[in-house]
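The sequence and the structure are shown first.

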Amino acid sequence: MSNKSSRLGSVLLLVAILAALAVGVMMFGARFGLWEPIVGFGLIRTYMNPIGYAVAGLGIVGLLYQLITRNGSGALKAFIASLIGVCLLAPMISAKLQTPPSFPPIHDITTDTSNPPEFIVLDESRPGAKNSLVYGGPEVAAEQAKAYPDIAPIQTSKTTLEAFVEALRVAKSMGWEVVAENSKQLRFEAIARTPIYSFVDDVVVVVTSVEGVSQVDIRSVSRIGRGDRGVNAARVREFINAFER
């Protein structure tokens, strides 16, 4: 098989790379201020699979042609292009091969559902917010208990001030933007962003003394969306694990 250069293979590879870059921009464009997170999410839902099909299809056709013409270099480029297309289709393929996990239709997760930490500085005027910061009550608590029974307050032998300082350190290490902190009231509020799409969630952490030990409670709330696909619960778990290490 000849290894001569192939213009067709090069074009297919370039198209595949540009398609992958376009998908990347859709996913992370909000992080760079190009649009709101929901816009990028909508673009991915609308265009990612069609782009993947197109790239994979063109790559496979090009691969067959290059094999017929015995162009080794072109075949390799076309193969890589088709592989990029398949990678773009990977989330859809994965969803069809296995049942996706189910999540409750809630977006407000807290370690204390009977007396959830309240937001004081962050309020209903926060940019882009469609969800209220008023806790949903027993129905939300029941949904959380059923889906995430492991989420509970942190109890530590540290003093309340030590626990507050450690909680603040953990929050900053997780990349949260602390918007308000009060060492006297032992509480802080922060903004957290999801790695992909950069959806903004609001977080409050409060430290109290309970029966001789320090208790750390955290609450994480999504600004938009009825459900959160487990993002807030995962954030709370990550915070708890990091604190207890």
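How do the residues of the lining of the largest pocket divide into nonpolar, polar and charged? They divide into 22 nonpolar, 8 polar and 9 charged; here Ala, Val, Leu, Ile, Met, Phe, Trp, Tyr, Cys and Pro count as nonpolar, Asp, Glu, Lys and Arg as charged, and the others, Gly among them, as polar.

The model is predicted, with local features requiring pLDDT of at least 70 and side-chain atom pairs pLDDT 80 or more, while totals for chains, interfaces and linings use all residues. Residues are numbered from 1 along each chain as its sequence is written, and side-chain values use heavy atoms, without hydrogens and water.

**Pockets**

A pocket is an open set of points on a 1 Å grid over the protein atoms alone, where a 1.4 Å probe fits, with protein on both sides within 12 Å along at least five of seven lines; lining residues have an atom within 4 Å of a point. A volume is the space filled by probe spheres set on the points.

| Pocket | Volume |
|---|---|
| Largest pocket | About 1400 Å³ |
| Second largest pocket | About 240 Å³ |

Of the 14 residues lining the second largest pocket, Met174, Arg193, Thr194, Pro195 and Arg235 are closest to its centre. Strand E4 and helix H6 (231-244) each give two or more residues to this lining, and H6 has the largest share, 4 residues. Helices (H or I, at least four residues) and strands (E, at least two) are DSSP runs numbered from the N terminus.

The largest pocket has 39 lining residues, and Phe41, Ile196, Tyr197, Phe199 and Arg229 lie nearest its centre. Its largest share, 7 residues, comes from H2.

**Helix contacts**

The axes of H1 (residues 7-28) and H3 (residues 72-97) come within 8 Å and cross at roughly 20°; axes are lines fitted to C-alpha atoms over the stretch in contact, and angles run from 0 to 180 degrees between N-to-C directions. H1 is therefore roughly parallel to H3, a term for angles under 35 degrees. By class, their contact (heavy atoms within 4.5 Å) has 12 nonpolar, 3 polar and 1 charged residues.

H5 (residues 160-173) and H6 pack at about 125°, with axes 10 Å apart. Ala163, Glu166, Ala167, Arg169, Val170 and Ala171 in H5 meet Phe239, Ala242 and Phe243 in H6.

How values were computed: Parallel < 35°, antiparallel > 145°, perpendicular 65-115°, else oblique.
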